[in-house]
Structures are given as C-alpha cells and as structure tokens.
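Thanks for making time this morning.

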Amino acid sequence: MTLKSILRFRDYAIMKRYNNAEYAYVVNGLAEQILAAGAEKLHAPAEFLTQFQERCAILDNVVAVSRIADQTGEIVAMEKDIDNMLTAVLTAFRTTKSIPIPAKKAAARSLYNATKVYQGTQKLPQRQKAQTIKGLLLDLQKAELSVHIETLGLGAEIEQLTLLHARFGVLLNARANVQMQNSKVKSHELRQEIDILLDILMSAIWVHSLTDPSEEATAFINTINKLLADAETAFHQRMAQKKKEEETDAEDPTDKVEGEEDVPNEEPSNGELE
C-alpha cells in the first residue's frame, strides 16, 4: 500500500453548519451503512456505536418537532375549514327557525336553543375550540337532537365537521406530545456529543482499514464519502437559494413600509443549529 493509495474519509467539518434535518440525515445514513456493512467487519466499537444510535434517535425526535411545527399551515387551514363548517351549521339552525315550514321551523328552533352555548366557538384558542366542538358533536348525537338534524338535512355537514374535528385533534395532540418530549433537549449539546462519537467511529474504522484492509472497509468509505458529498451539495444549493430569496426580498420595494427603518438581518450565533 502506497501513501497515494490510502483511502480517507471526506472532510465532514462542514456538517457543523447544517441544520438539524440535514445533520440528522447524514448521521443516520452513516449509522445505517455501518450496520449494513457489518460493525464487526468494520471494527466499529460496539459501545460507541450504540451510544451514537441512541443520540441519533433523540435528534430524530428534535427534527420531528420542527416538522410538526411545519404542519402549522395545515392546522391553520383545517381550523379555517372547521370554523366555516361550524358557522354554516349554527347559521342554519338560526335562519331555518324563521321559515314557514312547521316541521323544519320546530326542528331548527330546538337545535338553536340547544346549541346557543356554542356561539362564538370559532374565536376560541385551538385546544379549547377542539374540546368545545367535541361537546357540540356529542350533543348533536343525542336522540332528541339527531332527529332534528335529519329533518333539516344537515347530516352531511355534521359528518364533515366530525371528520375535520378528528383530524384537527390528531394534529394538535401529535404536536403537543412531541414538543413536550423534547422540551428539555438542547440540540446544540446533543450534536456536540454526536460529533465526538462520530469522530471515534470514523477514526476506528479508518485505522483498521489501514491495518486490516478489506473490501467491506473500502466500499464503506466510498459509500460514506458519496453520502457526505451529496449532503454538502444539497447544503450549498439550499444556501444559494436562501441568498437568492433574500436578495429578491431586499430589492422588492413593495415590502417597504413608509416610515419604517431598515433593521439589520442578524444571524444566530450558532449558525444553522436551531
């Protein structure tokens, strides 16, 4: 083996600039490749590999928090649909009680009186709104009210409101659960621990690839270098797109409010970590 023929891992220091999702993608990919190639064949220290996997799993949950936060748009859109459907149902109760059709008028009056307490539900906070709508739907399922829903032909509207409410609740609960589980996790400190374990694993595998060369080690190093190169390319593309969008926003005069002073764009002290 000559010095020129020695295969080395690609420099991965740039990973410190990755956001949590990009970083998690790389470290999870590395862990998967170690397992696929065989930890024993690569001489990857089992104890450190286990610690590495455990911390990667915690980081995955941290990333999940961000992804669920990204669902805010979906939650807001669904909340709007719920508000519109709820408004339509309650309005139908109110307006139909004035029409000159005795059966429908009586049914609407009963429903209106029974649901007056739910007026204004649309203005409640999300969690309280979900709970209040649950109460409304339970009331409307009662025999003495469900018959009136049938008289007014509002079954489809109630069914749609029920479906929206169920999905709304699932999203709210998922977001709350993950945020609660990770509320004490400091991603910066977690990533520092993963960095140390990553160095230990990569160093051990590389040293043994020199002292005990194997096809598995060579293939592993090439695969990881490809993973690192692809991740670096994706990172630079994201940063270039971000810069382009910032320049476009800065050049757009319509974003400038009359009398508003320009405020410097401050970068977080720890780069893209949070």
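**Inside the model**

Let me start with phenylalanine 52, which, once its neighbours within four places in sequence are set aside, is in contact with Val27, Leu30, Ala31, Ile194, Leu197, Leu198 and Leu201. Please keep in mind throughout that this is a predicted model.

Apart from the core around this residue there is another core, of 28 residues, which includes Ala108, Leu145, Leu154 and Leu164. As for the largest nonpolar core, it has 36 residues, and the ones with the most contacts inside it are Met15, Ile34 and Phe52. Two or more residues of this core come from each of α1 (20-37), α2 (39-42), α3 (46-69), α9 (187-211) and α10 (215-251), and the element that gives the most is α10, with eight residues.

Stepping back to the whole protein chain, the secondary structure comes to 10 helices and zero strands. Of the 274 residues in the protein chain, 34% are buried, and among contacts between residues at least 6 apart in sequence, 81% join residues at least 24 apart.

One helix I would like to take on its own is α9, which has 25 residues and reaches 36 Å from its first C-alpha to its last, close to the 36 Å expected at 1.5 Å a residue. Its buried residues include Ile194, Leu197, Leu198 and Leu201, and these four are also among the contacts of phenylalanine 52; the buried set of α9 also includes Ser187, Arg191, Asp195 and Ser209.

For context, most residues other than glycine have a negative phi. Is histidine 43 buried or partly exposed? With a relative accessible area of 30%, histidine 43 is partly exposed.

Finally, a word on confidence. The protein chain averages a pLDDT of 84, and 84% of the residues score at least 70. Over residues 254-274, however, the pLDDT is below 50, although this stretch has 21 contacts in the model beyond near neighbours in sequence. Where pLDDT is low, the predicted coordinates should not be read in detail.

Notes
Residues numbered from 1 in each chain as written. Predicted model: local features only at pLDDT ≥ 70, side-chain atom pairs only at ≥ 80, totals over all residues. Heavy atoms only, no water. Core = buried A, V, L, I, M, F, W, Y, C linked by side-chain atoms within 4.5 Å. Buried < 20%, exposed > 50% of the residue type's maximum accessible area, 1.4 Å probe, protein only. Helix = DSSP H or I, 4+ residues; strand = E, 2+ residues; numbered from the N terminus. Contact = heavy atoms within 4.5 Å. pLDDT = per-residue confidence, 0-100. Expected span 1.5 Å × (residues − 1).
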